Amino acid sequence: MSRTALRICPLCEATCGLTLTIEGTRVTHARGDRDDVFSQGFICPKGASFGAVDSDPDRLRTPLVRRDGELREATWEEAFDAVAAGIRPVVERHGPNSVGVVLGNPNVHTMAGALYPTVLLAGLGTRSIFTASTVDQMPKHVSSGLLFGDANAIPVPDLDRTDHLLLIGANPLESNGSLCTAPDFPGKLKALKARGGTLVVIDPRRTRTAKLADRHVAVRPGTDALLLAAMAQVLYEEGLVDPTPHVQGIEELAGELGEFTPEAVAEACDVEAGVIRTLARELAAAPTAAVYGRIGSCTVPHGTLASWLVDVLNILTGNLDRPGGALFPQAATDKTPRPAGPGRGFALGRWHSRVSRHPEAKGELPLSALAEEIDTATEEGEPVRALIAVAANPVLSAPDGDRLDKALDSLDFMVSVDPYLNETSRHADVVLPPPPPSQSPHHDFAFNTLAVRNQVRYTRPAIPLEPGRMAETEILARLILAVTGMHGADPVAVDHMVIDQTLGKAVKEPHSPVHGGDPRELAGRLTGDTGPERRLDMMLRLGPYGDGFGVRPDGLSLEKLLAHPHGIDLGPLEPRLPQPLKTRSGRVELLPGPIADDLPRLRAALAERPEGLVLVGRRHLRSNNSWMHNVPALTGGSNRCTLHIHPEDAERLGVRNAEPVRVKGAGGEVTVKAEVTDAVRRGVVSMPHGWGHDRPGTRLSHASADPGVNVNQLLDGRLLDPLSGNAVLNGVPVEVAPEAAPESPAVTEKLTALT
């Protein structure tokens, strides 16, 4: 007997609503939920394969504990006993910074990953924090922090109402959107064109998104900031500046950008000056417009400057914070909005990494520095001796996985929260596997702060937790207790503590709807079957649309949300400035000091010209980093690990289609099959991220049968955007030759000089 259940898809940032068909305890089919207030029935191949992802036979079902050098099945009690015995002595002997924490991308796709890691980090007190953000989006967080005073205040394009959309380094037809949560991104772009709008794509590859564009500009990789700076200079030069209100620094910025004329940047960008002027004029002339940049413009040497300039263009054209431009979403679980006014601002470099002295950004150190923080001794503090990895696979996602692979073997202790025994978790002394997504509740805390329409949705588990499984929320709560010296305490204590602390602060805040209330009385009024549900209820009721614990009877609560299983639409994005600003001035600070200090480095780039080939990444619609290569339904077809190379470059180098080539970078060498295509511009080669499933000791039967190669092994980790610590993954020089070709003795010296 089959039944249906609703579930929000956790497999990418689009957060589409699904209707699952369930037979017994197995998901047999998934389709789009036509009544979902946000996605309205849209589904992509990943969502359609939800059942296959959910029931992957290689998913771990019980904890693993290392005994006599081997990972063996264990009980949950044995696993947490081992965690406490392994982590606490390291903290007590060497201090909290000797324990590193790595948080992977999937954390933001689960309720547990949103609610518990911050508690874990606070309890440990470690500064050795590394996340996937520094191989992805940290430049956007840093630029937002410097502009708006809040690293999480990221404006998103108003896709449904804009007249002109300029995308740089973004391919949402493959990625489904990123730092811009939008179900059916392809449909929204087609609707833009259907209503007479204009789509411009700046990308060195002719992606599926670029094919849809009215104008595609194949910029030279790594020069995004130069191109955007020249567009801003044109706005000033031609009197086209009509800025957003609540901004300071308009005149000062004009002087700083004076040298970046289209003529000055044209050769470096390999884009004609006339084209750059046209891009700027069309942007300024559009009734409404939005500029949106993503990973291609973040993972470059000037990633923070490029991210900053995206918002500079929105500001100078008056399109920041207006309908049809770029606006700040308002999530239902955001904190109670405080009155507009000056805030604490945003600071960089409050501490530094031990070995290379990289400054922290948003409380994090570069993931590229993890290996050296483990394997390099210095007089400056203790190395990382123990590691907690939560939904993270940095052996594949960080530069120079070979070095990190060896470094992980040298740790005193490692615990990994992961459903798979993968390239990273195979090093752990304890592996704690969360249940499959069908057995977990879901609310998008992070992605609703980036959504192109305000809405709120929550789905309870579609299938009851199997016997022997442990909810991911309980796993992380018990992990917190085990590593902070409270092993054995009831895990519900973690949720009680958070609720008590949150309500204790809320009643003291004059702008809070519960100001002056009794925290214990308020806690007693929370609803929900579990601690995480009670926390969600609290956040909803204190949030911008909440009922304020009865102050606003029509407001949100968990009870009201459960009565709307397809979600509640909260309306289109609305102008919010100056309320979101937390800068010391209370205004948008257009030219913050760290940005001004980094502009000379961008000026020096005007004279740079890459020699030979440079590497860029690419996304696949049916993949998400390294997550899904073990699911047969999501591999094969166009989802292949190949090297895209332009026909003219292939002919010059003697490279033939479908034959192996040797690719060498500063961090190492890989052999991969060539795919000759004019989808990449001349001088550029492209490989996808997340492959390389050929290391021993994993349990990824399908992925290891067609492992691909790890593109990040071509990087040695030394190339970083200095403001954000983000790894440089695009525009990286490489050497390419047929597999049988002799290697040039000058290659290593040349690559070292280039880096």
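In what order do the seven strands of the open sheet with mixed pairing stand? In this predicted model, the order is β5-β4-β17-β16-β15-β6-β7. The edges are taken by β5 (70–73) and β7 (129–131), each of which has a single partner strand, so one side of each is left without a neighbour in the sheet. From one strand to the next, the twist averages 20°. Strands of a sheet pair through backbone hydrogen bonds, either parallel or antiparallel. Within this sheet, strand β15 (residues 386–390) and strand β16 (residues 413–417) run parallel and are joined by five bridges. Ala 389 is found opposite Ser 416 in β16.

Helices lie across this sheet. Helix α5 (residues 117–124) lies across β6, β7 and β15, and its direction is at about 170° to β6. Helix α3 lies across β4 (64–67), β6 (99–103), β15, β16 and β17 (430–432), and runs at about 125° to β17.

Helix α3 also has a helical partner. Two packed helices are described by the angle between their axes and the distance between the axes. For helix α3 (residues 76–94) and helix α19 (residues 472–483), the packing angle is about 40° and the axes are 8 Å apart. Their crossing is right-handed. From α3, the contact is made by Trp 76, Phe 80, Val 83, Ala 84, Ile 87 and Arg 88, and from α19 by Ile 475, Arg 478, Leu 479, Ala 482 and Val 483. By class, the residues of this contact are nine nonpolar, no polar and two charged.

The model contains a further open sheet, of four strands, in the order β11-β10-β9-β13 and with parallel pairing. Its edge strands are β11 (215–217) and β13 (290–293), each pairing on one side only. On average, and with direction ignored, neighbouring strands here are turned by 15° against each other. Strand β9 (residues 164–168) runs parallel to strand β10 (residues 198–202), and five bridges join the two.

Is helix α6 enclosed by the rest of the structure or left exposed? Of the 11 residues of α6 (residues 138–148), 11 are buried, so the helix is largely enclosed by the rest of the structure. The buried residues include Lys 140 and His 141, as well as Leu 146, Leu 147 and Phe 148. The buried residues of α6 pack against α14 (295–298), α15 (303–316), β20 (588–589) and α24 (593–604). After α6 comes Gly 149, which has a positive phi near 85°.

Burial also marks strand β26 (residues 732–738). Five of its seven residues are buried, so β26 is largely enclosed by the rest of the structure. Strand β21 (residues 613–616) pairs with β26 in the antiparallel sense over three bridges, and Leu 613 has Val 734 of β26 as its bridge partner. Strand β23 (residues 660–665) is likewise an antiparallel partner of β26, here over four bridges. In that pairing, Lys 664 faces Glu 735 in β26.

The cysteines form zero disulfides in this structure. For Cys 44, which is in no disulfide, the nearest cysteine sulfur is that of Cys 12, 5.1 Å away. Since a residue under 20% relative accessible area is buried, Cys 44 counts as buried at 12% relative accessibility. Cys 269 is in no disulfide either, and the nearest cysteine sulfur, belonging to Cys 298, is 17 Å away. Cys 269 counts as buried because its relative accessibility is 0%.

Val 355 lies in the loop that joins β14 (326–327) to α16 (370–375). With a relative accessible area of 24%, Val 355 is partly exposed. Leaving aside residues up to four places away in sequence, Val 355 touches Glu 372, Glu 373, Thr 376 and Thr 378. The C-alpha atoms of Val 355 and Ala 377 are separated by 8.0 Å, and these residues are 22 residues apart along the chain.

Notes
Residues are numbered from 1 along each chain as its sequence is written. This is a predicted model: local features need pLDDT of at least 70, side-chain atom pairs count only at pLDDT 80 or more; totals for chains, interfaces and linings use all residues. Side-chain values use heavy atoms; hydrogens and water are left out. Buried means under 20% relative accessible area, exposed over 50%, partly exposed in between (1.4 Å probe, protein chains only). Contact means heavy atoms within 4.5 Å. Axes are lines fitted to C-alpha atoms, for helices over the stretch in contact, and angles run from 0 to 180 degrees between N-to-C directions. A crossing is left-handed if the near helix is turned anticlockwise from the far one by less than a right angle, and right-handed if clockwise. Ala, Val, Leu, Ile, Met, Phe, Trp, Tyr, Cys and Pro count as nonpolar, Asp, Glu, Lys and Arg as charged, and the others, Gly among them, as polar. Two strands pair if DSSP finds at least two bridges between them. A disulfide is a pair of cysteine sulfur atoms within 2.5 Å.
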